[in-house]
Amino acid sequence: MKHFIDTKDLTKEQIDDLLRLSEVVATNPREFESKLKGRVIATIFFEPSTRTRLSFESAIARLGASNISVENANESSSAGKKGESIEDTIKMLCGYADAIVMRHPDNDSARRAVAVSSVPFVNGGSGSFAHPSQSLLDAYTIWKHRGSLDNVKIAVCGDLKFGRTANSLIKLLSKYNNTQVWCLSNKGMEFTDEVFDFMKQNNIPYTMCKGFADIPADVDVIYQTRFQKERAGEISTKDFVDLTITNKVMERFGPKTIVLHPLPRVDEIATEFDSDPRAMYFQQAANGIPTRMAILVSLLCNDKVKSEK
Ligand code: NCD
């Protein structure tokens, strides 16, 4: 694995290796303290981020590497000030860092970056297209809960059109057997044709739902997402039906149904549900550390990954 761009590009074997390595990292963190000692990793974020940036930076610190970082790169970097291209920004960073983690609002930003990057590149979120490191931590959370990523029944809810996390996760789960998907969103917020075509081509059965009652009670995962106001622009939400997850909504689901959310949450999961054992979103966010450590180790110590297990 040279770069980490899109879950579509990963093989099942690569994902399995990353999940196993994440587990090794989570159980023996001290063994990784100096793994990337002497390396410098750049994190450059052209869109707001709390979890992704901070967990990558925490992962970098926990691996003994140094971090150079630009947040609000739109304002504070040359790209923002003078319209520097993604290509020039990346070429320049390759001279400063041994790996680059970038978040950018353009869907094709990660592909453009890897076309010129001579160092491992990690997509920290590209427009509404992909968020592969989020998907890895989502998958790790599901895998830890169920012991397998085969036969996953997942309901994806909320803003499926502009959000990048649900479609990225389905593309990851498509590598495993018998993934089944239920889609619940407001009118106009459905997955794009690209995602429906992907599911058809990969024989992933999906069901369009009108409400939570259309989701089977034994679904493994309810993956709730936030309305992506910043990407949706002027779309009116006044006719939206309420798709908030509440204690009442969750009454019909069994004890094994977990609720995930990439966070940040606005109001699409009522805080009353946070104390329910099925509410896994904060644990999910914490899983960003071992999984992002695993991504960086895999990219920067390629030949050593297998002996780590
Ligand atoms: C998500 C993102 O940026 O796509 N957040 C994250 O990385 N945890 C989801 C979101 O912003 O709604």
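Mentor: One term before we start: a cavity is a set of grid points where a 1.4 Å probe fits but cannot get out, and lining residues have an atom within 4 Å of a point. Also, keep in mind that this is a predicted model.

Trainee: OK. How many cavities of 30 Å³ or more are there?
Mentor: The count comes to one.

Trainee: What volume does the largest cavity have?
Mentor: About 50 Å³.

Trainee: Which residues line the largest cavity?
Mentor: Here's the list: Arg-51, Ser-55, Gln-134, Leu-137, His-261, Pro-262, Leu-263, Tyr-281, Gln-284, Ala-285 and Arg-292. They divide into five nonpolar, four polar and two charged.

Trainee: Which helices supply at least two residues each?
Mentor: Helix H2 (51–62), helix H7 (132–146) and helix H12 (281–286). The largest share is from H12, with three residues.

Trainee: What about domains? Which ones does the assignment give?
Mentor: Domain 1 covers 7–131 + 287–308, and domain 2 covers 134–285. The cavity lining draws at least three residues from each of them.

Trainee: How far apart are the C-alpha centres of domain 1 and domain 2?
Mentor: They lie 25 Å apart.

Trainee: And how many residues are in contact across the two domains?
Mentor: On the domain 1 side, 29 residues touch 30 residues of domain 2.

Trainee: Which three residues supply more than any other three on the domain 1 side?
Mentor: Leu-19, His-131 and Asn-287. They supply 27% of the area that domain 1 buries against domain 2.

Trainee: Switching to charges. How many salt bridges does the count come to?
Mentor: The count is 20. Four salt bridges are found across the interface of domain 1 and domain 2.

Trainee: Why would such side chains pair up?
Mentor: Side chains of opposite charge can pair when their charged atoms come close.

Trainee: Which residue does Glu-194 form a salt bridge with?
Mentor: Lys-8. The closest N and O atoms of Glu-194 and Lys-8 are 3.1 Å apart.

Trainee: Now the backbone. Is the peptide bond from Leu-263 to Pro-264 cis or trans?
Mentor: Cis, with omega near 5 degrees. Pro-264 lies in the loop between strand S9 (258–260) and H12. Leu-263 is also one of the residues lining the largest cavity.

Trainee: And Asn-72: is phi positive or negative?
Mentor: Positive, near 50 degrees, in a residue other than glycine. Look for Asn-72 in the loop between strand S2 (66–70) and helix H3 (73–76).

Conventions: Residues numbered from 1 in each chain as written. Predicted model: local features only at pLDDT ≥ 70, side-chain atom pairs only at ≥ 80, totals over all residues. Heavy atoms only, no water. 1 Å grid on protein atoms, 1.4 Å probe; cavity = no way out; pocket = protein on both sides within 12 Å on 5 of 7 lines; lining within 4 Å. Points joined across faces, edges and corners; volume = space filled by probe spheres on them. Helix = DSSP H or I, 4+ residues; strand = E, 2+ residues; numbered from the N terminus. Nonpolar A, V, L, I, M, F, W, Y, C, P; charged D, E, K, R; others polar. Domains from an automatic or database assignment. Contact = heavy atoms within 4.5 Å. Buried area = accessible area lost by both parts, 1.4 Å probe. Salt bridge = Lys/Arg side-chain N within 4 Å of Asp/Glu carboxyl O.
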